[in-house]
Amino acid sequence: MTITITPAASERMRQFLAQTPGAAGVRFGVKRTGCSGFGYVVDLAQSVGEGDRLVSVDGVPLVVDDKSLPLVDGTVIDFQRQGLNASFVFHNPNATGECGCGESFTVG
């Protein structure tokens with residue numbers, strides 16, 4: 001599994017983890033949603049469950065569930081600020097299309 005985190009995303013994730021010292025890591029995965037099929041999930045993981053993989057990416061603990069793994073393998077996670085807005089941005093080589101609003105993607 002290869003997931004890359006840019007320095008900006010790493011800094012933001014470390015801030016979240018510092019505010020929640022009991023968290024097991026940052027959960028990264030996908031869920032079925034949107035008009036294209038899948039949306040990204042980035043949240044704090046309180047624990048690592050069965051079917052989860054815990055990997056360290058540049059010192060940031062990432063928790064990825066086995067179902068999401070083939071869909072996010074190779075993804076670069078960035079964090080960008082544009083004016084008053086700030087969000088994680090994903091560059092996923094597995095995505096074959098995105099919806100017009102950019103909230104969901106499709107594979108295959």
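**Exercise 1. Work out how Arg-53 and Asp-66 are joined in this predicted model, and where each residue sits.**

*Solution.* Start with the charged groups. Side chains of opposite charge can pair when their charged atoms come close. Here the closest N and O atoms of Arg-53 and Asp-66 are 3.3 Å apart. The cut-off for a salt bridge is 4 Å, so a pair at that distance qualifies.

Arg-53 belongs to strand β4, while Asp-66 is found in the loop between β5 (60-65) and α2 (69-72). The two are 13 residues apart, and the pair links distant parts of the chain.

Finally, check how open each residue is. Arg-53 has 41% relative accessibility and is partly exposed. Asp-66 is partly exposed as well, with a value of 39%.

**Exercise 2. How many salt bridges does the structure hold, and which residue pairs with Arg-27?**

*Solution.* The count is two salt bridges. In one of them, Arg-27 is paired with Asp-52, with 3.0 Å between the closest N and O atoms. This pair also links distant parts of the chain: Arg-27 lies in strand β2 (residues 25-33) and Asp-52 in strand β4 (residues 52-57), 25 residues apart.

Arg-27, at 23%, is partly exposed. Asp-52, at 18%, is buried.

**Exercise 3. Follow the aromatic rings around Phe-28 and find which residues make up the cluster.**

*Solution.* Begin with the total, which is four aromatic pairs. A pair of aromatic rings is described by the distance of the centres and the angle of the planes.

Take Phe-28 with Tyr-40. Their ring centres are 6.1 Å apart and the planes make an angle of 10°. Planes under 30 degrees apart count as stacked, so this pair is stacked. Phe-28 is in strand β2 and Tyr-40 in strand β3 (residues 37-45), so the pair ties together parts that are 12 residues apart in sequence.

Then take Phe-28 with Phe-90. This pair is stacked too, at 5.7 Å centre to centre and 15° between the planes. Since Phe-90 lies in strand β7 (residues 85-91) and Phe-28 in strand β2, the pair ties together parts that are 62 residues apart in sequence.

As for accessibility, Phe-28 is buried at 1% and Phe-90 is buried at 17%, whereas Tyr-40 is partly exposed at 22%.

**Exercise 4. In what order do the strands of the open sheet lie, and which helix lies across them?**

*Solution.* First, look at the whole chain. There are two helices and nine strands, and from the N terminus the elements run β-α-β-β-β-β-α-β-β-β-β.

Second, pick out the sheet. Three strands form it in the order β1-β6-β7, with mixed pairing. The edge strands are β1 (4-5) and β7, each of which pairs on one side only.

Third, inspect one pairing. Strand β1 and strand β6 (residues 76-82) run parallel and are joined by two bridges. Thr-4 has Val-76 as its bridge partner in β6.

Helix α1 (residues 7-19) lies across β1, β6 and β7, and runs at about 85° to β6.

**Exercise 5. Describe the surroundings of Leu-44, then step back to the whole chain.**

*Solution.* Leu-44 lies in strand β3 and is partly exposed, with a relative accessible area of 23%. Leaving aside neighbours within four places in sequence, the contacts of Leu-44 include Phe-16, Leu-17 and Thr-20. Ala-23, Gly-25, Val-26 and Arg-27 are also among them, and Arg-27 is the salt-bridge partner of Asp-52 from Exercise 2. Met-13 is 31 residues from Leu-44 in sequence, yet their C-alpha atoms are 9.0 Å apart in space.

Now widen the view. Of the 108 residues in the chain, 35% are buried. Among contacts with a separation of 6 or more, 50% are between residues 24 or more positions apart. The accessible surface of the chain is about 6200 Å², and carbon and sulfur atoms account for 48% of that surface.

Note on methods:
Residues are numbered from 1 along each chain as its sequence is written. This is a predicted model: local features need pLDDT of at least 70, side-chain atom pairs count only at pLDDT 80 or more; totals for chains, interfaces and linings use all residues. Side-chain values use heavy atoms; hydrogens and water are left out. A salt bridge is a side-chain nitrogen of Lys or Arg within 4 Å of a carboxyl oxygen of Asp or Glu. Helices (H or I, at least four residues) and strands (E, at least two) are DSSP runs, numbered from the N terminus. Buried means under 20% relative accessible area, exposed over 50%, partly exposed in between (1.4 Å probe, protein chains only). Rings of Phe, Tyr and Trp (its six-membered ring) pair if their centres lie within 6.5 Å; planes under 30 degrees apart count as stacked, over 60 as edge-to-face and the rest as tilted. Contact means heavy atoms within 4.5 Å. Accessible areas come from the Shrake-Rupley method with a 1.4 Å probe; for residues, only the protein chains shown count as cover. Two strands pair if DSSP finds at least two bridges between them. Axes are lines fitted to C-alpha atoms, for helices over the stretch in contact, and angles run from 0 to 180 degrees between N-to-C directions.
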